[in-house]
Amino acid sequence: MKSTVYDALCNLINRNNKILTVLIDPEKFDNSNLASFLTKIPQETALLFVGGSATNDLKIEETVKELKNKTDFPVILFPGDFSQLTENADAVLFLSLLSGRNPEYLINQQIKGAGRLKEMNLEVIPTAYLLIDGGNQSSVARITNTKPMKQYEIDKILHTALAGVYMGTKMIYLEAGSGATIPVSEEIIAKVKKYVNIPLIVGGGIKTKEQRDRAFQAGADIVVMGTVFEN
Ligand code: 1GP
């Protein structure tokens with residue numbers, strides 16, 4: 001399995017770089033506006049994630065192609081389900097929703113996507129996906145029919161992340177859910193980063209530069225911001 005994108009991210013992270021990532025949900029964008037959208041995102045943006053809970057495969061493919069034509073940003077798929085795969089991207093987060101207890105999102109979606117991924121020239125990055133309560137019901141919780149972990153359940157969060165590492169995951173994604181009213185706390189970020197020292201992605205409800213910088217300072221390597229740029 002190739003790991004060009006992952007290795008490049010690790011190189012940046014090992015040199016203490018912080019990676020600001022903008023999430024693009026193709027359902028919420030008209031592709032003809034993408035180029036002008038990209039001129040408005042923060043100039044420190046280093047990476048794009050593309051995906052969403054309700055996007056269809058054709059729209060994903062068009063959006064990724066457009067982004068690859070218009071920018072030099074690496075584009076990583078952040079798929080809501082197995083249909084959202086396209087080899088025009090540089091890599092895909094191969095997510096398992098370890099916080100939930102729904103086999104569909106723990107392993108079944110992964111099985112459905114595996115055969116297609118083997119035929120594609122797309123780098124696969126195994127990622128443990130942990131949904132943490134962001135103060136409102138997230139679309140992830142609704143669509144996957146799973147419960148988020150509470151922000152005070154620190155040991156459960158740490159042990160879930162560690163179980164992911166023991167299962168071979170290469171990144172941890174702490175997710176409060178798109179549009180969360182409360183982002184993942186700095187305490188959780190700091191403790192997870194210390195407990196499992198692998199690349200840590202944090203997203204959900206991060207709206208300001210201050211929140212983003214606090215997440216980075218607490219230990220996030222990659223901070224994902226989506227909703228705040230959609231308007
Ligand atoms: C959602 O973590 C991302 O999966 C981004 O969340 O849209 O709240 O920025 P926001």
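1. Helices are DSSP runs of H or I with at least four residues, strands are runs of E with at least two, and both are numbered from the N terminus. This is a predicted model, in which local features need pLDDT of at least 70, side-chain atom pairs count only at pLDDT 80 or more, and totals for chains, interfaces and linings use all residues. Residues are numbered from 1 along each chain as its sequence is written, and side-chain values use heavy atoms, with hydrogens and water left out.

2. Start with helix H7, residues 186-195. Its buried residues are Ile-188, Ile-189, Val-192 and Lys-193. They span an arc of only 120 degrees around the axis, so they sit on the same side of H7. The arc is taken from the directions that run from the helix axis to the C-beta atoms. Buried means under 20% relative accessible area, exposed means over 50%, and partly exposed lies in between (1.4 Å probe, protein chains only).

3. An α-helix has 3.6 residues a turn, so residues three or four places apart point the same way.

4. What covers the buried residues of H7? The cover includes helix H6 (154-166), strand S6 (171-175), strand S7 (200-203) and helix H8 (209-218). Contact here means heavy atoms within 4.5 Å.

5. Now the charged pairs. The whole structure holds 13 salt bridges. Each is a side-chain nitrogen of Lys or Arg within 4 Å of a carboxyl oxygen of Asp or Glu.

6. One of these pairs lies within H7. Glu-187 and Lys-191 form a salt bridge at 2.8 Å, N to O. They are 4 residues apart in helix H7, which means about one helical turn between them. Glu-187 is partly exposed at 44% relative accessibility. Lys-191 is also partly exposed, at 37%.

7. Another pair leaves H7. Arg-214 and Glu-186 meet in a salt bridge at 3.2 Å, N to O. Arg-214 belongs to helix H8 and Glu-186 to helix H7, so the pair ties together parts that are 28 residues apart in sequence. Both ends are partly exposed: Arg-214 at 38% relative accessibility, Glu-186 at 40%.

8. Lys-28 and Asp-25 also pair, at 3.9 Å, N to O. Are the two partners buried or partly exposed? Lys-28 is partly exposed, with 49% relative accessibility. Asp-25 is buried, at 10%.

9. Finally, a network. Salt bridges link Glu-44, Lys-209, Arg-212 and Asp-213.
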